Amino acid sequence: MKILFIGDIVGQDACERLCDFLPNFKHELGIGKGLVIINGENSADGNGITPHSANLLFKAGADAITTGNHCFKRHEMDCSYRENPFILRPANFGGSDSAPGKGVCIVDRGSFSVAVINLAGTTFMAPADNPFKCVDELLESIETKNIIVDFHAEATAEKKAMGYYLAGKVSAVLGTHTHVQTADEQIINSHTAYITDTGMTGAHDSVLGVDKDVIIERFTCYYPKKHALATGKMSINAVLLEVDEKTGKALSIMRINKEM
């Protein structure tokens with residue numbers, strides 16, 4: 001089975017471009033009955049995710065949408081989190097059932113199923129429950145061996161530690177959040193695919209998706225300016241996984257950095 005995991009998509013323009021690009025790209029990659037998972041926590045203009053941007057990602061071909069530290073920025077998403085089990089927020093957010101949404105979903109393909117887990121890091125991030133303890137609890141109730149973890153975290157050390165911690169327990173640990181694709185993809189212990197950061201899908205000539213001139217001025221003048229999303233040529237950052245659907249072992253992981 002093949003799984004395409006797309007890194008943080010930034011802005012509505014990128015979502016709309018993905019709608020045009022992804023169907024043919026899936027065919028080119030030979031995904032077939034495989035899955036598409038997209039991190040959509042910055043899919044709305046101005047960051048966060050809205051019902052509209054989520055719908056665009058499902059229209060593009062997403063089977064599951066993960067998020068991160070901006071998951072609760074838009075209160076209009078509360079109903080979507082509660083009603084659509086395939087829109088996830090970090091499982092270690094909320095500390096109780098009062099927070100809308102869940103941090104894990106199961107995508108059933110009939111002959112096989114895949115669990116998608118969304119976690120947030122705690123180093124240099126907003127307070128959250130311990131992601132290591134949280135994932136241990138989640139794994140106790142997941143029956144499928146095919147498990148993909150989106151670890152939305154800032155610190156490379158925390159991501160790397162999670163990769164080794166879950167080696168042999170899950171099919172993949174895929175980092176998101178920093179928007180810069182790393183070149184350390186690997187299979188840990190001949191079982192678990194890993195990359196520190198999958199990267200960003202959005203405007204190529206930008207600083208993490210934001211107009212570069214706005215960010216340069218903030219760094220040079222220390223004068224706060226409202227962020228504006230960059231426009232122009234769009235790129236997709238992603239990884240393509242091949243997983244043995246019977247054992248849950250990752251067979252390969254390939255980085256994708258492509259104009260779309």
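At what angle do helix α1 (residues 12-29) and helix α2 (residues 51-60) pack, and how far apart are their axes? The angle is about 15°, and the axes lie 8 Å apart. That makes α1 roughly parallel to α2, a term for angles under 35 degrees, with over 145 counting as roughly antiparallel, 65 to 115 as roughly perpendicular and the rest as oblique. Axes are lines fitted to C-alpha atoms, for helices over the stretch in contact, and angles run from 0 to 180 degrees between N-to-C directions.

This is a predicted model, in which local features need pLDDT of at least 70, side-chain atom pairs count only at pLDDT 80 or more, and totals for chains, interfaces and linings use all residues. Residues are numbered from 1 along each chain as its sequence is written, and side-chain values use heavy atoms, leaving out hydrogens and water.

The protein chain has 6 helices and 13 strands. Helices (H or I, at least four residues) and strands (E, at least two) are DSSP runs, numbered from the N terminus. Mean pLDDT (the predictor's confidence in each residue, from 0 to 100) is 95 for the chain, and 99% of its residues reach 70 or more.

The C-alpha atoms fill a box of roughly 55 × 40 × 35 Å along the principal axes.

| Helix pair | Angle | Axis distance |
|---|---|---|
| α1 and α2 | about 15° | 8 Å |
| α4 and α5 | about 30° | 11 Å |

Helix α4 covers residues 131-140 and helix α5 residues 156-165. That pair is also roughly parallel. Contact means heavy atoms within 4.5 Å. P131, F132, V135 and D136 in α4 meet E158, A161, M162 and Y165 in α5. These contact residues divide into 6 nonpolar, no polar and 2 charged. Nonpolar covers Ala, Val, Leu, Ile, Met, Phe, Trp, Tyr, Cys and Pro; charged covers Asp, Glu, Lys and Arg; the others, Gly among them, are polar.
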